[in-house]
Amino acid sequence: MASKKDFVKFDKVDKSYDGKVLVVKDLQLDIAEGEFVTMLGPSGSGKTTCLMMLAGFETPTHGEIYLDGKAISSIPPHKRGIGMVFQNYALFPHMTVYENLAFPLRVRKIPKDEADKKIDKALSMVSLQGFASRMPGQLSGGQQQRVAVARSLVFDPQLVLMDEPLGALDKNLRESMQYEIKHIHESIGVTVVYVTHDQSEALTMSNRIAVFNDGKVQQLSSPDELYEKPVNSFVAEFIGENNTFAGEVSDISGGKCKVKLSNAEILANPISVKVKGERTTVSLRPERALINPTSKMDNIHGGKIEEVIYHGDHTRVRINLLGNSDFILKVPNSSSNLDIKLGNEIKIGWNSEDARALDPK
Amino acid sequence: MSSETKQILTTDGIPLEVSLKKAEKKNKIKAFLLVAPLLFFLIITYVFPIGDMLFRSVDDKMVTQMLPKTFKAMESWDGQELPEEEVFAAFHEDFIKLVEDKREGKLSTQLNYTKNGFKSIIKKLRRASKKFEEGNYKEQIMSVHKRWADVEYWRAIQRRAPEFTGQKYLKGMDMYVNEEGKIVSVEEDRRIHRVLWLRTLEIAFFVTVFCFLMAYPIAHLLATLPMKYSNLLMICVLLPFWTSLLVRTASWMILLQQQGIVNDFFVGIGLVADDNRPEMMYNKTGSYVAMTQILLPFMVLPLYSVMKTISPSLMRAGKSLGGTPFVAFWKVYFPLTIPGIGAGCLLVFILAIGYYITPALVGGASGTLISNQIAFHMKSTLDWSFASAMGLMLLSGVLVIYWLYNKIVGIDNIKLG
């Protein structure tokens, strides 16, 4: 399936709207054919601008975008052959579902019987057979969303762009649509570029995720790598939950470093620190720290429980640990963890490998 | 199931429907009191005058009341030959009474509407009647003027007997009831109203078209430009609203006259020769230009309010799905603006069809409309019933257009804002 490594290629793309601020800075991004790539980032990070440049509604200020080896900056949007799902679906309200789907086929002068087959196929793909004669206004949000997806796929584009397509749906519907879109992608093998600010959506659906901040791609990697091995403290903060310790490297040797905090010293995994004396932020996922640790762990410290929040399957425990009063622990609910009471002193431990010493914030 | 719902009682045993009505009654009264001032205002300033107008346009009591005995005597007259002595005697009796009240002038005006030539013979009759002797009035009246011996003129009097008449409406269409009682058109060279009706429709139609062609791009710009520019443009669109209609029309007179700015400019760039300046005023061109400018905001505003609601992502979707910018516009954007187009066109057309001041000032002879004719009859000839009749014809024309529009486009599709 993944025949071309750089099916979509952003080559040193800059974008500025006002000539003063760059919203996209020196973007370098390759997307392979058949891949599902998500651009994830807070609002204003430039991810939607990138998508609009790819669709042809914005022009890069500098640099070039290649689609299947061809530079596309001078090709108008309607000749790019890219399917797109918009944030508010952008279904044509005066046309039926059938006419909405027929629009891209009609402008391509596809004969009616062939077009009908494609429309049937697209509607069955999103399980909306029998809705062809409805107007968009008569459909629920989730159904409109599915029509928008079907419309973006009906003319067999090689690339589909999705701009926060699930933003307007409620939580349950959003989750089921995530799986639905993921399955459609898997079954037809189209390349998808997806924009969202919802990290769980990105983690669920994508082959690779590009985390945007401040006009730059902070990290481009698979969901698990993004979560387990963030390369800088922005990514660590943005994806999932994160406990941090700010300190200074006091020693670095053999793939481990010592980080001196204000009142203690911890062992960490040096990721972006190189030399002694550098400032650093150590990042540790809550589920990687354990209470009542085994002696194999090389970081064991005592803390006081400040808050206990019951979450059903697990309990969140806030602990004052090494001067950080926001240290979060996730403890699975089991009968062995009965000593978690407000005000108790407990021992916490983690492996230095999981404590990533990243750039200082 | 409905019988079950009927039996629902409130906690104190009163049927639910009764207590609901009771609770809502107060609100209904409040609502009515709120609209009452407007309702009375409308009745006094709108319903009553229109009713009065409708009545006036068919009311023909004046002559009926001036010649009561004559018409009574005429009841047995077959209208073939000159009436009998008793009709003449009755007419003389009515006429003497009118002369005493000094109302014979009104009679002559009224009868002259029906048939030309009554004015002079009534004057002559008044003078002669002072010397009339008792008896044989037929001979005496006929000797005053030969027209009094013409059966046509007596038939003309008889035609004014009914209290109500539709002849003003026929006159508005350049038609009349001839001596045989048939509805026929007036001679070709005396038809003025039909031309005016057609011209009114023509000018209203083309003003609507011009307004639409100009307003569409403006409204689109207004709806899509960033706020700071669109606000400025909006002020430019609304500026005419804050200027007096008369001032605007007068400024068009300054611009369009033969020694005016526009002509000076054309001469200046060598488009026309100095001694051959085109007439752009006191003709249809003047009406078109001035009315289009004045009515433009009525087209821009409904269009703008509709375009404002069309999401820009729809056009983008159209393009991303492979439509050229034109196809995306024509298949996606344009159909969505139809409610605004309908509202704007209806508004401009209806306003244009009754337009008065502007065509009166810049229209000249070939650019005046039916409303100018109505005003002429209101102010100059004082034939109010004819003016009322034409006013009502105009009103019913507008209602017909409204009805047609509802049939074709559907009134629910209108969006004024």
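Domain bounds here come from an automatic or database domain assignment. With that in mind, chain A is divided into domain 1 (8-233) and domain 2 (241-358). The centres of domain 1 of chain A and domain 2 of chain A, taken over C-alpha atoms, are separated by 39 Å.

Welcome to this structure, which is a predicted model: local features need pLDDT of at least 70, side-chain atom pairs count only at pLDDT 80 or more, and totals for chains, interfaces and linings use all residues. Residues are numbered from 1 along each chain as its sequence is written, while chains are lettered from A and ligands numbered from 1 in the order in which they are written.

Four residues of domain 1 of chain A are in contact with six residues of domain 2 of chain A; two residues are in contact if their C-beta atoms, placed from the backbone, lie within 7 Å. The side of domain 1 of chain A that touches domain 2 of chain A has two nonpolar, two polar and no charged residues. Ala, Val, Leu, Ile, Met, Phe, Trp, Tyr, Cys and Pro count as nonpolar, Asp, Glu, Lys and Arg as charged, and the others, Gly among them, as polar.

Now to the strands. Helices (H or I, at least four residues) and strands (E, at least two) are DSSP runs, numbered from the N terminus, and two strands pair if DSSP finds at least two bridges between them. In chain A, six strands form an open sheet in the order 6-7-8-3-9-10, with mixed pairing. Its edge strands, each pairing on one side only, are strand 6 (82-85) and strand 10 (216-221) of chain A. Strand 6 of chain A pairs with strand 7 (residues 159-163) of chain A in the parallel sense over four bridges, and Ile82(A) stands opposite Leu159(A) in strand 7 of chain A.

An open sheet of five strands in chain A has the order 15-19-16-17-18, with antiparallel pairing. Here the edges are strand 15 (290-291) and strand 18 (324-332) of chain A. Strand 15 of chain A is joined by two bridges to strand 19 (residues 345-350) of chain A, and these run antiparallel. Leu290(A) stands opposite Gly349(A) in strand 19 of chain A.

Two packed helices are described by the angle between their axes and the distance between the axes. Axes are lines fitted to C-alpha atoms, for helices over the stretch in contact, and angles run from 0 to 180 degrees between N-to-C directions.

| Helix pair in chain B | Angle | Distance between axes |
|---|---|---|
| Helix 2 (residues 16-58) and helix 20 (residues 384-408) | about 120° | 7 Å |
| Helix 11 (residues 193-224) and helix 17 (residues 325-353) | about 140° | 9 Å |

Helix 2 and helix 20 of chain B cross in a left-handed way, whereas helix 11 of chain B passes helix 17 of chain B in a right-handed crossing. A crossing is left-handed if the near helix is turned anticlockwise from the far one by less than a right angle, and right-handed if clockwise.

The contact of helix 11 of chain B with helix 17 of chain B has 12 nonpolar, three polar and no charged residues. Met53(B) and Leu54(B) are among the residues of helix 2 of chain B that meet helix 20 of chain B, where Trp384(B) is one of the partners.

**Where the chains meet**

Between the chains, 15 residues of chain B are in contact with 19 residues of chain A. Helix 16 (312-320) and helix 17 of chain B each give two or more residues to this side of chain B, and helix 16 of chain B gives the most, with six residues.
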